[in-house]
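Good morning, everyone. Please look at the screen, and keep the chain in view while I talk.

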Amino acid sequence: MAIYEKMLEAWNNRDVDGYWACLHDDWEMTWHSSGMVTNKTSMTAEQMKAIMKSSNMTERCCIYKNDDILVKHMKADYSNGTKDATMHVSLKRDGLLWLNETGVTAIKT
């Protein structure tokens with residue numbers, strides 16, 4: 001199973017360990033909105049589980065993938081009532097997601 005499908009399955013099942021297994025040990029995600037950088041040591045399993053539970057991802061789409069990069073798009077409905085369209089671009093290393101950057105556009109309801 002490809003990394004994109006493994007990641008989706010783990011997210012859908014709220015499986016933090018399965019999700020983190022898709023991430024390289026040196027994984028980092030830069031948040032477009034704040035410039036904040038997250039890595040595997042800066043987030044606890046409980047925090048990741050809370051993020052998974054508080055969001056409903058819809059209209060997921062893999063735009064492009066190869067051995068070096070994964071580009072995906074989705075819409076997210078959050079428990080606080082906000083809705084976003086999100087673009088994730090992930091560079092890969094050793095077959096795992098390594099460097100990730102997001103771009104988010106708020107969807108007015």
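Start at Lys-92. Its side chain reaches the backbone oxygen of Asn-66 at 2.7 Å. That is a polar contact: a pair of N or O atoms within 3.5 Å, where within protein one must be able to donate a hydrogen and the other to accept it, and residues adjacent in sequence count only if both atoms are side-chain atoms. Lys-92 sits in strand S5. Strands here are DSSP runs of E, at least two residues, and helices are runs of H or I, at least four, numbered from the N terminus.

A word on the source. This is a predicted model, so to speak of local features we need pLDDT of at least 70, side-chain atom pairs count only at pLDDT 80 or more, and totals for chains, interfaces and linings use all residues. Residues are numbered from 1 along each chain as its sequence is written, and side-chain values use heavy atoms, with hydrogens and water left out.

Back to Lys-92. Is this residue buried or exposed? Lys-92 is buried. Buried means under 20% relative accessible area, exposed means over 50%, and partly exposed is in between, with a 1.4 Å probe and protein chains only. Lys-92 has no salt bridge. A salt bridge needs a side-chain nitrogen of Lys or Arg within 4 Å of a carboxyl oxygen of Asp or Glu. The nearest side chain of opposite charge is Asp-67, 5.7 Å away. For charge, Lys and Arg count as positive, Asp and Glu as negative, and His and the chain ends are not counted.

Now the strands. S3 covers residues 55-65 and S4 covers residues 69-78. They pair in the antiparallel sense over 8 bridges. Two strands pair if DSSP finds at least two bridges between them. Met-57 stands opposite Ala-76 in S4. A hairpin of 3 residues links S3 to S4.

S4 also pairs with S5, residues 83-93. That pairing is antiparallel too, over 9 bridges. This hairpin has 4 residues between its strands. Gly-81 in the turn has a positive phi of about 100°.

Which residue in S5 stands opposite Asp-77? It is Lys-83. The side chains of Asp-77 and Lys-83 also meet in a salt bridge, 3.3 Å from N to O. Asp-77 is partly exposed, at 26% relative accessible area. Lys-83 is partly exposed as well, at 31%.

How many salt bridges are there by this rule? The count comes to 5. Let me show two others. Lys-40 and Asp-25 meet at 3.6 Å, N to O. Lys-40 lies in the loop between strand S2 and helix H3, and Asp-25 lies in strand S1, so the pair ties together parts 15 residues apart in sequence. Lys-40 is partly exposed at 23%, while Asp-25 is exposed at 65%.

Next, Asp-26 and Arg-93 meet in a salt bridge at 3.5 Å, N to O. Asp-26 is in S1 and Arg-93 is in S5, so this pair ties together parts 67 residues apart in sequence. Asp-26 is partly exposed at 44%, and Arg-93 is partly exposed at 32%.

Ile-63, Tyr-64, Met-87 and Val-89 make a nonpolar patch of about 330 Å². S3 and S5 are the elements that give two or more residues to the patch. Patch residues have over 30% relative accessible area and no salt bridge; nonpolar side chains (Val, Leu, Ile, Met, Phe, Trp, Tyr) are joined within 5 Å, like charges within 9 Å. The areas come from the Shrake-Rupley method with a 1.4 Å probe, and for residues only the protein chains shown count as cover. Val-89 is in S5. It counts as partly exposed because its relative accessibility is 32%.

Last, the loops. Most residues other than glycine have a negative phi. Arg-14 has a positive one, near 55°. Arg-14 lies in the loop between helix H1 and helix H2. Asp-94 also has a positive phi, about 55°, and is not a glycine. Asp-94 lies in the loop between S5 and strand S6, and is exposed at 66%.

Gly-95 lies in the loop between S5 and S6. Gly-95 and Cys-22 are 73 residues apart in sequence, and 8.6 Å apart in space, C-alpha to C-alpha. Thank you.
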